[in-house]
Amino acid sequence: MASSSTPTPLHHNRWLHLAVGLTVSIGCLWFATREFRDDPQAFSKAGDAFARADYRTLPLIMIATAVFYWFKACRWRLLLKPIGDFRTLRDLYPYVMIGFGFNNLLPVHMGEVMRAFMFAKHAHVKVSAVVTSVVLERIFDSVSVLTLLCFGLAFVPGLPPKIRTTTMVLAICVACLVLALVMYVLWTQKFIAMVTVVLSRILSPRLLGKLTGVLESGATGLAALKDPRLVAAILALSMGNWVINGMVIHMALWSFGLPNSLLISCIVLGLTAIGAAFPSAPGYFGVIQACFMAVLPFFTDDELGIFAASIYYHLTEYVIVTLIGLYYFNTTGITLAEVELEAKAEQVKAEQAKAAAEAEPESAVGNVPGEKVS
């Protein structure tokens, strides 16, 4: 019997997602401008901050941004080792830029969906394997970003003791995340069994079954991580990647004459990366500004300078990544409608496979050897 459920297209609930994202971005902008939005001279003061800025960092930021995404492509190549040996610049870098470029234009990180489907079609590999590699990327990114955030919070002078205590809790969470990742990679079945025991009292059997199913299917993409040298290389690329992004923030702060120690940049980096993971308007507008304004007032009273620096950092990266992403997208000859059709077809296949898997036990019970089937 065919499944009666209708596949959900990429644009399903797009207006709801956009509304939620815009609400979050507006709230973040309200927070970011709370200290000076009632100042009638705020606009002119912000203009003065831009006029005083040192823009010699602009070409350096552009180069660092290009290297940042090249590092991402290099790491993605290692994560895709189980399904093929791809070339970094020719095969992977264009799709990395397409994904992040469209993250700046579409809601709910839809660029990552495009990246997975388009690369799978280009390389003639399974979409599920590509999606697994993207999920693994996020895990390594989380470990790297949280490590740098903890490092900055632990050693930067001038922060309240309460924040130090929070840092210790965060560091413990990072350690647990790393431990869980190692256990999942090296002892997958034991890890899944432990998760089942721990969460069986919290989640319904249906949700728990879905979770363990995701873990089991994701384990097939972890073959690359069985090699300790490969894991070390992926971790090194991840850390190097985010250190480069921290340097971009460092240069933006220096350009506007703000406190710019590397420790402060690590804190701003960590908060902006975490903030970008939450729903927001395409391009993370408002979120980046709020993260800058949440950290830097601890070290300076120049709120308008902070806001201006956040715009400089944000727009420089936004323009570069979006333009490069659009350029590579145009070279593929694929349209957004075609990507959506691919996603829809893949979802139909997944639902059919799931329905077949659920029907197998019933068929096995019903067709007992020697019993007549009516």
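Helices (H or I, at least four residues) and strands (E, at least two) are DSSP runs, numbered from the N terminus. In this predicted model, local features need pLDDT of at least 70 and side-chain atom pairs count only at pLDDT 80 or more, whereas totals for chains, interfaces and linings use all residues. Residues are numbered from 1 along each chain as its sequence is written, and side-chain values use heavy atoms, with hydrogens and water left out.

**Fold and confidence**
- The protein chain holds 14 helices and zero strands.
- Mean pLDDT (the predictor's confidence in each residue, from 0 to 100) is 83 for the protein chain, with 86% of its residues at 70 or more.
- Where pLDDT is low, the predicted coordinates should not be read in detail.

**Packing**
- Of the 374 residues in the protein chain, 43% are buried, that is, under 20% relative accessible area with a 1.4 Å probe, protein chains only.
- Among contacts between residues at least 6 apart in sequence, 71% join residues at least 24 apart.

**Second largest pocket**
- The lining of this pocket receives at least two residues from each of helix 3 (57-79), helix 4 (88-103), helix 5 (110-123), helix 6 (127-155), helix 10 (228-255), helix 11 (262-276) and helix 13 (303-332).
- Of the 31 residues that line the second largest pocket, Phe100, Trp242, Ala273, Ala276 and Tyr284 lie nearest its centre; a pocket is an open set of points on a 1 Å grid over the protein atoms alone, where a 1.4 Å probe fits, with protein on both sides within 12 Å along at least five of seven lines, and lining residues have an atom within 4 Å of a point.

Note on methods: Buried means under 20% relative accessible area, exposed over 50%, partly exposed in between (1.4 Å probe, protein chains only). Contact means heavy atoms within 4.5 Å.
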